[in-house]
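This briefing describes the structure shown below. It is arranged by topic, from overall form to individual side chains.

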Amino acid sequence: MEKYINEAIKEIDNILYNKNNLNLNKIIDKHLTRISFIKHERLIHLLVTFFFTILTILSYIAIYLINIYFIMITIILLIILLFYIKHYYFLENKLQYMYKQYEKLIKDVTNNE
């Protein structure tokens, strides 16, 4: 997914930099479609991150209430949670950048009319 997002961003950056006489309306539609895909991906990762956060907290509580052997489960869940947070951070930042690209595309369309 990271490769897909980075390629999409580079494509739009090239279009914005070169300012060729392209059909910007089609490019905007394609960009909005990509944004919607990434928004969906971001939502799914947010839900999974919340799920792993809850599991991590519950296993941390289980260390004290039930048994010390839950410490390995807690460590594994914490590692997985950190990777999900890192990926969610990437998705959020790139999506915000894509919103800015969209605004620049709209500005270019209105300037050309």
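A residue is called buried when its relative accessible area is under 20%, exposed when it is over 50%, and partly exposed in between (1.4 Å probe, protein chains only). By that definition, glutamate 92 is partly exposed, because its relative accessible area is 22%. The model is predicted: local features need pLDDT of at least 70, side-chain atom pairs count only at pLDDT 80 or more, and totals for chains, interfaces and linings use all residues. Residues are numbered from 1 along each chain as its sequence is written, and side-chain values use heavy atoms, with hydrogens and water left out.

**Overall form**

- The chain has 3 helices and 0 strands, where helices (H or I, at least four residues) and strands (E, at least two) are DSSP runs numbered from the N terminus.
- Its pattern along the sequence is α-α-α.
- The chain is more spread out than a compact globule, because its radius of gyration is 20 Å, well over the 13 Å that the globule rule gives for 113 residues. This radius is taken over C-alpha atoms, and the globule rule is 2.2 Å times the number of residues to the power 0.38.
- Along the principal axes, the C-alpha atoms fill a box of roughly 70 × 15 × 15 Å.
- Of the contacts with a separation of 6 or more, 80% are between residues 24 or more positions apart; a contact means heavy atoms within 4.5 Å.

**Surface and burial**

- Of the 113 residues of the chain, 29% count as buried.
- The accessible surface of the chain is about 8100 Å², and 65% of it belongs to carbon and sulfur atoms. Accessible areas come from the Shrake-Rupley method with a 1.4 Å probe, and for residues only the protein chains shown count as cover.
- Ile54, Ile57, Leu58, Tyr60, Ile61, Tyr64, Leu65 and Ile66 make a nonpolar surface patch of about 920 Å². Patches consist of residues with over 30% relative accessible area and no salt bridge, like charges being joined within 9 Å and nonpolar side chains (Val, Leu, Ile, Met, Phe, Trp, Tyr) within 5 Å.
- Leucine 58, one of the patch residues, lies in helix H2 (residues 24-65).

**Salt bridges**

- A salt bridge is a side-chain nitrogen of Lys or Arg within 4 Å of a carboxyl oxygen of Asp or Glu; by this rule the count is 3.
- Glutamate 11 pairs with lysine 30, with the closest N and O atoms 3.4 Å apart. This pair links distant parts of the chain, with glutamate 11 in helix H1 (residues 2-18) and lysine 30 in helix H2, 19 residues apart.
- Arginine 34 also forms a salt bridge with glutamate 11, at 2.9 Å between the closest N and O atoms. Here the partners, arginine 34 in helix H2 and glutamate 11 in helix H1, are 23 residues apart.
- Glutamate 92 and arginine 42 meet in a salt bridge of 2.9 Å, N to O. Glutamate 92 lies in helix H3 (residues 70-112) and arginine 42 in helix H2, so the pair ties together parts that are 50 residues apart in sequence.
- Arginine 42 counts as buried because its relative accessibility is 18%.

**Threonine 74**

- Threonine 74 is found in helix H3 and is buried, with a relative accessible area of 8%.
- Leaving aside residues up to four places away in sequence, threonine 74 touches Thr56, Ser59, Tyr60 and Ile63.
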